[in-house]
Amino acid sequence: MRLSKFLLATLREAPSDAETQSHKLMIRAGMIRRIAAGIYNFLPTGLRVFKKVENIIREEMNNTGALEVMMPFVTPSDLWIKSGRWDIYGKELLRFKDRADREFCLGPTHEEVVTDLVDREIKSYKNLPLTIYQIQPKFRDEIRPRFGVMRAREFVMKDAYSFDIDEPSAEISYQKMFDAYKRIFERCSLNFKAVEADSGNIGGSVSHEFMVLTDTGEDVIMTCDKCDFAANLKSTPVVFDEQYQIDRKDYLPLDLVATPSLVSVSEVSEFLKTTFRNVVKTMIVSTNQGFEAALIRGDHELSITKYKRFRELDTVELATADQIKKLNTIKGFSGPIDLDIKIYADNAIRPMINFVTGANQLDKHCMNVNFGRDFNINDFGDLREAQPGDKCQCPEEGVLTTTRGIEVGHVFKLGRKYSDSMSAKFVDKNGKEKSFFMGCYGIGVGRVIAAAIEQNNDDNGIKLPLSIAPFEVVVIPTDLKNNDVVKFSEQIYHFLLDSKFDVAIDDRDETPGVKFKDAELLGIPWHVVVGPKSLAKDVVELKNRLTGASEEIKKNDYTKIEETINETS
RNA sequence: CGGGGUGUAGCGCAGUUGGUAGCGCACUGGUCUGGGGGACCAGGGGUCGUCGGUUCAAAUCCGAUCACCCCGACCA
């Protein structure tokens, strides 16, 4: 590629609203441009990187025997009604009607479509197992898109779906995908970790997230210092020590106290001269089965994810101030006493005695509250988020610590959730109808790019590995008025082209400084610099963007350039 | 959706008693320059987010509206 004919679109300054390094650099390098919130154009430079990542994914998917298809971006409501997700998916699903008033949505994921597809085409166990995938846009109307293509509303995802006769067979399909994911992210030179995760809206039991480890990641990962346990904070189990004793005779009389305008646990505990740990928060949640209350110790946080799973609910969110008011209590002063809804408590509440709660009255709290005496708890469970310092569940009793990560891939063992609800069946060996055992597997293509850049950059810009860089090597003539420089640059350029490198020549009429800056900003791993000074010494310069190393090579020794790149990359 | 903030040239920004809109980078033409975003000369580009109001006069004051960004619940 001749850069004089290319749309480089590099910027010296990033837009002020870009936050993360990857977002700023992708804009500065001319890879992406925003067109609406969470919706982006990919410019030529960005698309080059995109295609490379896409091809790596495609190759590894094909290697597992998965078959590529293309399913529609626009999907009809009836499939979603059939699976039951039309009602539970919420506002994230962008819905609209066609001219005949039929309802559609933009596909946020394709379990429904693919299940329908396979149900129509596959009738016999003889055609199983089968894994189908596509690389295609998705739309999720995110509440808050941010960080450029990291969390976009429209984004391209590789989504694969496996169909097996039973769980043991599905386990093999799952493992194949798991291994393919590792190879994909290794080929993109990402520093990543596979962690146990919650399966969220998609459903299913077992799931792993592939997290790229960076300080700016949106997800928090818990890891153990003694074993190889690693999980998303949201689904890290909290170990509850059953060894506790309460002398129920030590109950103190219930006491109603004034706590004017004191809402937070820290304010209340300080005012009442007690500790965070002696306060119980009453979190009112709105669920698909009505309102419920979750009791959490003052120094802990409620995990909505765990709550949803514990109660086996479809939707759980914190109630609004208005909703709370209708339950005859007040936001900030809610408490379990005389609260007319179901109450569930975190395990940490079990050993508590004479604690502090809200009084369901403005500016009032209750002291010396005790369950059993003052109110009843429907059930106890693991409802709180894990914290750094918590014990791991491993026998070695390791301690959990946090790191941050970006979720680039997610593999789910779905089971028969969709095949049952959509009655997608095949005929087994015994001539009996059975539902498919399914798995689903996603990779965010744009997010892989952003994560790679987030993990590989410096003051001069992006540093990409050869496998996903926009160009593998750029030839930089420093002086277009010097015939020798131009001649040698062209010769090297054509040699590298013939050697099947993805090579660019910066033949723009720009000063050397501009060319160096752009080559570095774009993250091109190899720069061949051809200038009068080096030619006078019969050499050209070969620079490596990743290591910063620079090497002089005899000007006619083209194969040495080829060898160095091939050996070092 | 709740809370906070911003809209002035492609990007980054200035523009406080209301008086016909400016700087740097980028862009166009030219001369020089040619190993780290070079210099000089000459240019082009704005309904000051939008609509309405106050005023002789509004980027500036008032109201509404839209868009975008940041902090909390989602997920590839």
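This is a predicted model: local features need pLDDT of at least 70, side-chain atom pairs count only at pLDDT 80 or more; totals for chains, interfaces and linings use all residues.
Me: How is chain A divided into domains, and how far apart do the C-alpha centres of domain 2 and domain 3 lie?
Reply: Domain 1 comes in two stretches, 3-236 + 402-453. Domain 2 is 248-381 and domain 3 is 471-568. Between the C-alpha centres of domain 2 and domain 3, the distance is 67 Å.

Me: Where does the largest nonpolar core lie?
Reply: This core has 60 residues, and the members touching the most others are Met31, Met61, Tyr181, Phe185 and Leu464.

Me: What does Met61 touch, leaving out residues up to four places away in sequence?
Reply: Met61 is one of the residues that touch the most other members of the largest core. Leaving out those sequence neighbours, Met61 touches Ala66, Tyr133, Lys158, Ala160, Met177, Ala180, Tyr181 and Ile184.

Me: How many aromatic pairs are there, and is the Trp80 and Tyr89 pair edge-to-face or stacked?
Reply: The count comes to 18 aromatic pairs. For Trp80 and Tyr89, the ring centres are 5.9 Å apart and the planes make 80°. Planes over 60 degrees apart count as edge-to-face, so the Trp80 and Tyr89 pair is edge-to-face.

Me: Which parts does the pair of Phe495 and Tyr558 tie together?
Reply: This pair is tilted, at 5.3 Å centre to centre and 40° between the planes. Phe495 belongs to helix 12 and Tyr558 to helix 15, so the pair ties together parts 63 residues apart in sequence: helix 12 (residues 483-498) and helix 15 (residues 558-568).

Me: Is Tyr558 buried or exposed?
Reply: Tyr558 has 16% relative accessibility. The cut-off for buried is under 20%, so Tyr558 counts as buried.

Me: Which residue lies over the face of Trp86?
Reply: Trp86 is among the 25 residues of another core, apart from the largest one. At 4.6 Å from the ring centre of Trp86 lies Arg95.

Terms used:
Residues are numbered from 1 along each chain as its sequence is written. Chains are lettered from A and ligands numbered from 1 in the order in which they are written. Side-chain values use heavy atoms; hydrogens and water are left out. Domain bounds come from an automatic or database domain assignment. A nonpolar core is a set of buried Ala, Val, Leu, Ile, Met, Phe, Trp, Tyr and Cys residues joined through side-chain atoms within 4.5 Å. Buried means under 20% relative accessible area, exposed over 50%, partly exposed in between (1.4 Å probe, protein chains only). Contact means heavy atoms within 4.5 Å. Rings of Phe, Tyr and Trp (its six-membered ring) pair if their centres lie within 6.5 Å; planes under 30 degrees apart count as stacked, over 60 as edge-to-face and the rest as tilted. Helices (H or I, at least four residues) and strands (E, at least two) are DSSP runs, numbered from the N terminus. A charge sits over a ring if NZ of Lys or CZ of Arg is within 6 Å of the ring centre and within 35 degrees of the ring normal.
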